[in-house]
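Please look over the sequence and the model below before reading on. The report starts with a contact between two parts of the protein and then turns to other places in the chain.

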Amino acid sequence: MITAVVGLQFGDEGKGKIVDFLSEMHQVVVKFNGGRNAGHTVVTQAGTFKFHLIPSGSLRAKEVILANGMTIDPIFLMEEIKNAKAANPAIVVRVSRLAHVVTELHTFLDKCEEEARGEFKIGTTAKGIGPTYEDKYARTGVRMDDLGNPDILKAKLQLIIKMKGTLLHGSKYEDQAEVDRIVRELHEAGKAVSEYLCDTEIMINSHFSEGMSILFEGSHGTMLDVDFGMYPYVTSSNTISGTLSVSSGFSFRKVGKVIGVVKTYMSRVGEGPFPTELHGPKADTLREIGHEYGTTTGRPRRVGWLDLQLLKYAVMINDVDSLALTSLDTLGQLDQIRVATGYYRDGERIEGIIRKNDDLKGLEVRYAEFSPWGKLSDEDIMKIVENGIEAMPPSMKEFVRTIESATGRSAGFISLGNRREKTLVLDPALKSGA
Ligand code: IMO
Ligand code: MG
C-alpha cells in the first residue's frame, strides 16, 4: 500500500492526526518537503507530541525517512530524533544526504527579508526556510552531505554572505552572523547526524521493491504551494501531492491513494487572501474552541468558513482520491455553521480561486447554512465511530454529504476529536489495512 497525505487548505488541517492513524498500517513514513516551518501535533494516551521535522508517523511507524526535498536544521533535528526515540525507541530514522541545510545565517536572512519586504511582508515563520530554498536554486546551498567538511561549510557560508551580505549589513543580525562559530556548531551537529544519512531515494525504491507499505506525509497545504497557492503569500516549496516525486525520488505512478485533509472550517497563519475569513467575536470564539494558535510560532491563526470552491481546486490539483475531514467536533459547537458554496462578482458566478488581494475587491461569497449539532459527548462520538454516518446528527450528516457532492470525492476518514480513537474510518481499504 503506497499512500500520500496532503493538506488541501493553508496548512494545519489536522494532517498530524491522520498520518498518525495511517502509520499503523504503513511500515515506512516519508516526509518530503518543508522544514521547521511545519508543525504537527499528535495526541495519544501517552501525551501530546509536537513534531516539526520528524514525521507525525514516527510514533507508530518502524521507519521514518526525511527525503531530499526537505530543508533541515541539523541541530534541531538531533533534538527531535531524541524526542521521537523516547516515544518510540525502536524507530529507524534516515535522512537524505541531498536535503538542504538550514543554518542560523538563513534564519537571520529570513528576518531581514521580511523587514525589506515592508508592506509586501509574507508573515513567514522566521525559521530560515525561504532563504534555504533560495540558495538551493541559486546553487549555493549547503547540503546534509557537506556537514562533515568544515572547510566546505565555511566556504559556502562565506559565499552566501558575499551574495546576500547587503541584506545583513546594518541589521541587528550582522554581529551574530559569525561564520566560524556557525561552522563549528554545524560540524558538531553533523557528526551526530552522520549515522542517519543515506541515499534515501535508493532506500525508498528498494523498500517498494521489497513490498513494504509506504506513507508519504506532506507538509503545509495546497494554498501555500509556491506555484499553485496564493503567491507570494506561500511557502518556498511545492506542497501538492505531485511534489513527492521530485522531492523523494519515488515515482508518482506507484502511489495507490492520495488522501486530502480538509479542516471543516479554515485557518491561516501569516498574510494573504482569505475570502471566507471571519473577524471580531465570531472569529475569537472559533479560535478559542479550536485552539487555533500556531504550533511553530504560537501566533493566533486567522480563521474562517470552509470554502468549497477552493476545495474543489485543491482536489483537482492534488488528484485526491479520498477526503479526511477534521475538526467537526469543534465546528458543531458554534452557534452558526456556514460553508462557502461559490464566488460571485456583479451577480455572476466566477470560477477558479482567488489568489490576489486585489481580487477580493467587490467579491461576493455565497454560503449554505447548517444548524449547529452542538458539543457531542464522548458517548455520542463513539456511537458515530462504531455505527457510521447514519449515527450522526442530521445536520452533521448533511454537512458531510454537501462536501462530498461538491468535490465528487467521498470522506474516507472523519475526525471527531484529537484522540486517535475518535476517528470514523469509512474507507474500507484503510479499515482493514489491506
Ligand atoms: P503545517 O505542516 C501553517 C505559512 C507561514 C507563512 C507562509 C510562509 O503545520 O501545516 P515560511 O516560513 O514557510 O516561509 O512562511 O507559510 N506556513 C504555514 N502555515 N502551517 C504550516 O505547516 C505552514 N508552513 C508555512 O505562516 O504565512
Ligand atoms: Mg502548522
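In this predicted model, Glu271 and Lys121 form a salt bridge, with their closest N and O atoms 3.2 Å apart. The rule finds one salt bridge across the interface of domain 1 and domain 2. Domain 1 covers 2-86 + 201-433, and domain 2 covers 100-194. Between the two domains, eight residue pairs are in polar contact, with both residues at pLDDT 80 or more. On the side of domain 1 that touches domain 2, β6 (71-72) and α2 (74-87) each supply at least two residues. The largest share of that side comes from α2, with four residues.

| Item | Value |
|---|---|
| Distance between the C-alpha centres of domain 1 and domain 2 | 30 Å |
| Area buried between domain 1 and domain 2 | about 1900 Å² |
| Part of that buried area on carbon and sulfur atoms | 64% |

The size of an interface is often given as the accessible area lost when the parts come together. Of the area that domain 1 buries against domain 2, Thr71, Pro74 and Ser236 supply 26%, more than any other three residues. Counted by contacts, 26 residues of domain 1 meet 21 residues of domain 2.

Is strand β14 mostly covered or mostly open? Strand β14 spans residues 322-326, and five of its five residues are buried, so the strand is mostly covered, buried being under 20% relative accessible area. In a regular strand the side chains alternate between the two faces of the sheet. In β14, Ser322, Ala324 and Thr326 point one way, while Leu323 and Leu325 point the other way. The residues on both faces are buried.

Strand β14 also has paired strands. Five bridges join β14 to β11 (residues 257-263), and these two strands run parallel. Within this pairing, Leu323 of β14 is the bridge partner of Gly260. Four bridges join β14 to β18 (residues 410-415), again in parallel. Here Leu325 stands opposite Ile414 of β18.

Gly347 sits in the loop between β15 (337-345) and β16 (348-350).

Conventions:
Residues are numbered from 1 along each chain as its sequence is written. Chains are lettered from A and ligands numbered from 1 in the order in which they are written. This is a predicted model: local features need pLDDT of at least 70, side-chain atom pairs count only at pLDDT 80 or more; totals for chains, interfaces and linings use all residues. Side-chain values use heavy atoms; hydrogens and water are left out. Buried means under 20% relative accessible area, exposed over 50%, partly exposed in between (1.4 Å probe, protein chains only). Two strands pair if DSSP finds at least two bridges between them. Domain bounds come from an automatic or database domain assignment. Contact means heavy atoms within 4.5 Å. Buried area is the accessible area (1.4 Å probe) that two parts lose on being put together, summed over both. A salt bridge is a side-chain nitrogen of Lys or Arg within 4 Å of a carboxyl oxygen of Asp or Glu. A polar contact is a pair of N or O atoms within 3.5 Å; within protein, one must be able to donate a hydrogen and the other to accept it, and residues adjacent in sequence count only if both atoms are side-chain atoms.
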